[in-house]
Amino acid sequence: MFVRSIALILLLFIHDAFCHNNKNILRGIQSSLLSMYIPSKPFTCLDGTISIPFEFVNDDYCDCRDGSDEPGTSACPNGQFFCENKGYVGITIPSHFVGDGVCDCCDGSDEYENEIICNNTCFELAKKTNEERERRRLLHEQGVAKKNEMIAKAGSIRIERKNRLEELEEQLKRLETDLNEKEELKRQAEEPETAHKDKHQKAWEEERAIRELARRDEQMQDMFNDLDTNQDKLVSIKELQVHTELDNDKENDFTDEEVKTILGADSVTLDEFNSTVFEQISNSYQKITQSVTNEQVSTTESNKATPEPSTEEDHGISDEEKREHSVDDDAHDKNDMDDNLDDIDTKDDIDQPTSLDHTKHVHDDTAPDFDDETKKFIQIADQARNDFKDAEKKVRDVKKEIEDLQKRAEMNLGEHDEFSIMYDQCYDYEEREYTYRVCMFKSAVQIPKGGGSEVTIGYWESWGSEPNKYSVMKYTNGVSCWNGPSRSLTIHLRCGIENRAIDVREPTKCEYAMIFETPAVCDENIGAKLSHQDTHTEF
Amino acid sequence: MLLYKHSYYISLALFFCFCSITFIQCVDRSNFKSCDQSSFCRRNRKYKPDVSPYSVDLSSMKTITDGHLQFTMMNTQNSVKFQLDLFTLEHNSLRMKINELQPIKKRYEVQNVLVNEPKLVSVTTSILDGNQLEGRFGKTSRFLLVSNPFRLDLFTNDNIFVMSVNSKQLFNFEHYRKKQSSDGETPLHDEDGMWEETFKTHTDSKPHGPSSIGIDVSFPNFENVYGIPEHADSFVLKSTHDTDPYRFFNVDVFEYDIQNPMALYGSVPYILAHNEQASVGFFWLNAAEGWVDISNDKLNTKNLLSTIKNFFGSTKVQNEVPEITTHWMFESGIFDGFFFLGPTPKDVFKQYGLITGTTPLPPIWALAYHQCRWNYNDEDDIKNVNAGFEHNMIPMDVLWLDIEHTNGKRYFTWDTSKFPDPEKMQHDIGMYGRKMVTISDPHIKKDDGYQVYADAKSRRYFVQNKDGSDYEGWCWPGSSMWLDYLNPEIFDWYSNRYSYANYKGSTSNLFLWNDMNEPSVFNGPEVTFPKDVVHFGDLENRDVHNIYGMLQHMATFKGLFDRSGGQERPFVLTRSFFAGSQKTSAVWTGDNAAEWSHLKMAVPMLLSLSVTGITFVGADVGGFFRNPDAKLLVRWYQAASFQPFFREHAHIDTARREPWLFGDDNTRLIRQAIETRYSYLPYWYTLFYKQEKQAVPAMLPLWAIFPHDTQTFKIEDSFMIGNGLLVHPITDADVTEVSIYLPGDNTIWYDIRTFVPHNSSQTALITVDMESIPVYQRGGTIIPQRLRKRRSSMLALNDPITLVVALDKNNEAKGELYMDDGHTYDYKKNRQFIYRRFLFKNNELKSRYDPSSKFDTSAWIERIIIIGYPKNPNKVSINSGEQTAIPLHSYHDQQKLLIIRRPGPSVSTDWTLTIS
């Protein structure tokens with residue numbers, strides 16, 4: 001910037017002959033530009049801005065804004081010095097490298113004035129370069145052979161995949177038919193099973209109703225006898241009046257009137273008691289007993305008793321226990337599911353009293369075992385269900401395989417599918433502290449050698465960007481770093497004759513870089529490219 | 001480097017309460033003591049006697065030698081006696097020492113700071129009215145020692161009253177005492193915290209009890225005081241009326257906060273005061289924990305002694321003048337105060353420099369650009385970063401390696417899996433004229449298999465607990481111990497670790513960096529040593545805390561000096577420092593952050609360091625913690641390219657930020673900033689040479705060059721580089737305009753990029769874009785530059801020079817150029833240097849030099865740019881010896897710019913350029 005503003009005004013330099021050493025006036029000029037530097041004419045800076053006397057070229061003073069007047073000196077900060085490098089290839093270097101004591105040209109021409117002696121290394125360099133080229137050519141050739149194998153394998157993988165897909169489609173059709181059949185069989189097997197189970201259930205319910213009735217009758221009889229303290233087969237107002245618990249309004253005494261309202265008469269017979277009184281008082285009625293303990297128990301029982309003692313209830317189970325109960329049930333269900341993942345349809349079993357219920361019920365209200373016939377039907381239905389589940393699983397498996405294959409088919413695995421055989425393959429790189437494992441197109445992990453859990457450093461994200469898209473793989477969104485970004489891995493692919501990771505580094509915290517050799521990136525045109533190469537910048 | 005690393009940070013979070021789990025901002029201040037939590041500060045801040053009980057017995061005066069007077073002094077409350085020594089020193093300086101006359105334990109007097117025993121000048125004393133002793137010394141200096149109550153007044157230029165000691169009666173000297181005082185002596189104040197003090201989980205056992213000293217030093221007629229680093233605060237010191245005092249206690253503050261008086265990594269207990277009439281300074285040589293309260297007062301002149309009343313120079317007599325009072329408190333040691341009476345800023349710099357030393361001329365590459373990161377991972381990484389600079393054609397001189405280069409933080413070793421051949425690596429980098437720096441911290445890993453540890457352990461070289469066992473703490477390597485550099489034998493032994501034989505893999509191309517040397521102890525009180533650990537000579541860390549880091553970098557410097565047989569100039573960078581650190585080390589401002597506010601704060605921090613003698617200073621470019629965006633990074637490069645120590649550095653958790661990683665445009669801007677730095681290296685080098693000789697810092701506040709321009713006194717967004725360049729770095733995002741005050745009387749300022757002139761005594765509104773680094777060359781100066789580009793400074797040593805002559809209103813200008821081989825001591829030993837003086841006057845530019853020096857160089861004068869030349873001349877001729885040449889010239893009317901093309905003489909010859 002500074003120098004530019006100076007250069008601007010150099011146009012105004014005035015007259016006077018200027019003498020300087022004409023020796024090597026054309027130093028550092030590229031051969032293709034030599035025609036621009038004609039000693040008998042004024043020199044026009046290559047950017048066309050100004051013309052200067054030719055004596056100003058390479059006079060160790062910067063006149064041109066583009067530095068073109070000083071290709072052979074370090075006067076301009078932006079000039080280009082051309083090293084001829086005989087025996088090797090000519091290159092241009094920044095002209096500020098001229099005379100700085102560093103041998104930049106293999107012919108040493110950039111250090112022409114310096115005390116330091118630059119040996120001419122062009123011959124050796126050329127030799128080395130040729131060897132290196134040869135090595136690279138060979139490597140790429142061998143690599144390309146491997147690559148072609150990989151591509152060929154990718155082809156057969158593709159064909160295999162296609163065949164397999166077809167096969168699987170076929171199989172799927174068959175399996176789906178089979179599944180339908182199995183479903184029908186299941187349905188058929190479940191019909192009689194349900195019928196028999198229903199029948200069994202119905203019989204049990206009827207049985208239970210009869211038992212309920214008998215129990216009520218018994219209770220009623222007991223209560224009547226209980227109330228009939230004078231045993232005259234009649235329950236009188238007096239006899240009932242002692243049961244003050246039956247007094248609906250506790251404000252006043254249990255009056256005759258109130259008692260009579262319950263009895264509907266001065267006294268009732270057993271039949272009348274049964275038809276009009278029992279239902280009224282059965283909920284509140286408390287048997288008068290001698291023992292205090294009994295009384296308390298009965299009080300508790302009657303207090304908590306439900307209006308319909310016959311129905312299944314969780315008497316005496318606290319909320320806490322209920323919760324535990326349900327948790328247990330859940331756990332139980334889970335275990336069931338673990339035992340048989342597909343056995344989701346457990347409705348049938350839910351109505352069955354649980355073992356816990358058994359212990360909690362005073363009365364034995366447990367349904368009896370199914371009869372042998374029903375059991376037989378259940379067994380048949382179970383079999384049908386299992387068959388169905390198996391069939392279902394097979395369909396699922398095949399569908400998944402199809403999906404995977406399709407996904408893989410859609411995956412970009414190189415221009416010619418050359419990365420195909422690496423799909424899902426894992427490669428390790430051993431470093432002092434860690435093993436790095438990359439599973440291609442999936443994920444990469446870092447495994448500490450001294451024990452400790454492995455850390456995912458990235459999941460497959462994408463190829464690099466053009467023009468060398470397939471020379472870079474990106475794995476991102478790994479485990480987040482403390483105080484940093486989530487981990488990521490960039491794989492730089494390089495031609496090699498086998499697939500292997502040869503280096504892993506972490507240039508920035510949590511951003512890993514791997515160098516991976518693979519024939520897949522070997523270049524079939526390397527020979528042509530190398531022979532057209534003008535510079536050795538590649539090395 | 002940051003204090004806590006991940007794993008350590010997490011495990012330690014249990015012990016330290018960090019301010020933020022999300023790790024966003026700021027230090028946890030509760031990890032560090034407030035004045036109220038430091039009992040001696042609390043006691044001294046509370047100390048406000050009606051009448052100071054201290055009295056000097058003038059009749060006891062003894063003249064030890066001419067210039068050294070001795071008195072006895074007494075605390076009339078408890079009859080404790082003191083010895084007061086006055087030393088009248090050359091160059092308008094005075095030293096006063098106050099110590100206990102018969103202490104029960106010898107009080108520590110700081111060693112390793114003074115360059116020499118200061119030179120005395122004779123003093124003429126006379127007793128005035130029985131209670132005062134007047135002393136005249138030097139040409140114009142005067143003191144007045146008042147007997148009862150004790151007071152010392154100081155005058156410069158005969159009559160200008162500039163400093164007063166104990167005029168606020170805060171002098172308070174806690175003598176050593178026995179814990180159970182059977183002698184009936186009553187403590188001065190409460191016993192609170194005198195014998196034991198607990199902070200957080202740490203208890204300081206204080207076996208020797210209270211020992212603090214407080215004193216007030218007032219600056220009558222001054223409104224601005226500066227210095228007392230290191231604080232991340234404004235350049236002009238603020239009143240501490242509503243805050244804690246400024247603190248001196250070298251500590252590793254994790255993610256330090258800005259705009260507060262908290263202690264940081266280093267301490268220089270030196271304050272400067274400046275007004276239109278005078279610049280003065282006060283330095284208290286004390287290495288203990290210290291605090292300074294600042295108050296802006298009014299001084300009522302009615303109450304002053306009549307002898308003083310009329311001594312406010314030429315200003316009219318007022319009833320009230322402004323005054324700044326500083327109240328200093330140190331935990332132990334003695335009072336050893338130096339008073340510098342100026343009267344000019346340059347005089348004060350020189351006076352302080354004579355006492356504590358100046359920055360020796362660094363090797364030239366140390367003034368160039370440094371590339372650092374925690375961490376360059378391995379030899380390939382170093383090779384690639386070097387190649388990046390080559391490829392992007394960005395000049396660079398030094399590549400740095402942080403702690404990860406070692407084998408498990410065992411300094412003087414290499415992680416050989418990553419650095420299998422460090423010698424070759426240094427050699428390869430050296431091929432480009434470049435150097436390398438490795439880190440070497442003071443904590444020594446406790447590991448019997450580590451030679452440095454095993455040797456030091458067996459020799460009992462470590463700092464000890466008070467029970468005599470080795471003190472052990474935590475730092476990077478885990479359990480560690482610390483060498484006791486106070487012991488000269490250990491100091492030398494440590495120096496010797498840097499010999500080529502002991503430091504395997506080091507070469508003459510390798511230099512050093514001492515970090516964590518406060519020292520940082522992760523599990524220590526306030527992240528450092530407990531105060532009761534014991535050093536050589538039965539000293540507690542309490543007495544010597546603030547010089548520990550300096551001793552380490554002094555030993556490192558010595559090691560590098562010795563390894564070359566005293567031929568090569570060492571380079572050492574330190575984080576912790578003390579007064580005098582400048583003699584052996586560059587300093588950086590530690591672990592800053594990638595924030596605009598930190599970029600802005602760098603200027604006041606670097607100015608505070610510069611004016612207190614620590615002149616080779618810089619802040620991490622880009623900010624150490626977190627990631628700067630491209631704009632901030634570019635602006636930081638631009639600002640730092642005009643600050644003395646220019647180094648990019650970043651935390652291990654940050655993204656890579658080498659200059660070429662932010663797109664072509666930003667690469668270009670960064671390259672330009674670095675190239676600009678390189679173009680001014682001849683000027684920087686000349687300034688550092690002058691700095692070594694004259695103690696004037698390279699980076700200066702505006703008032704140092706324009707001491708009479710009151711507008712400059714509070715400026716901290718601009719600064720001077722030498723007397724020629726005014727720099728106003730852009731420290732805000734998205735600005736298109738900046739206001740820049742251009743100081744001086746009838747001065748012209750030329751934009752260094754466009755040569756556009758601006759007049760002085762005005763605030764110029766300057767339009768800026770991303771390329772702008774507002775820098776102005778002062779009319780009247782001649783600045784040498786190298787406008788050629790090179791990869792590194794060492795490869796440019798023989799390149800030609802461009803002289804930029806900026807004319808003042810009288811069409812005159814002057815300047816200097818210093819040159820030598822760039823790296824050896826030949827400039828000192830054999831006068832192998834060139835020191836040119838250029839003078840432009842009467843249409844003639846002359847180059848003259850001191851013939852006693854001699855240095856062969858092929859450098860020549862390539863170009864002379866004369867800015868502000870009134871008209872296109874007819875002819876320019878140059879005469880050097882017997883030869884006369886007629887170089888070409890061009891003239892640009894609009895910018896009044898005359899450019900002489902290839903004037904041609906060698907830099908080492910005398911010549912005269914004549915314009916007619």
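Helices (H or I, at least four residues) and strands (E, at least two) are taken here as DSSP runs, numbered from the N terminus. On this basis, chain A of the predicted model holds 11 helices and 14 strands. Local features rest on pLDDT of at least 70 and side-chain atom pairs on pLDDT 80 or more, while totals for chains, interfaces and linings use all residues. Residues are numbered from 1 along each chain as its sequence is written, and chains are lettered from A and ligands numbered from 1 in the order of writing.

Of the 539 residues in chain A, 25% are buried (20 or more other C-beta atoms within 10 Å of a residue's own, with C-beta atoms placed from the backbone).

Turning to chain B, helix α6 (residues 422-430) has P422(B), M425(B), Q426(B) and I429(B) buried. These residues lie on the same side of α6(B), because they cover an arc of only 95° around the axis, the arc being that of the directions from the helix axis to the C-beta atoms. An α-helix has 3.6 residues a turn, so residues three or four places apart point the same way. The buried residues of α6(B) pack against α5 (379-391), β22 (398-401), β23 (435-439) and β27 (510-514) of chain B, with contact meaning C-beta atoms within 7 Å.

The axes of α12 (residues 630-640) and α13 (residues 663-679) of chain B come within 8 Å and cross at roughly 15° (axes are lines fitted to C-alpha atoms over the stretch in contact, and angles run from 0 to 180 degrees between N-to-C directions). That makes α12(B) roughly parallel to α13(B), a term for angles under 35 degrees.

Conventions
Buried ≥ 20, exposed ≤ 12 C-beta atoms within 10 Å, placed from the backbone. Contact = placed C-beta atoms within 7 Å. Parallel < 35°, antiparallel > 145°, perpendicular 65-115°, else oblique.
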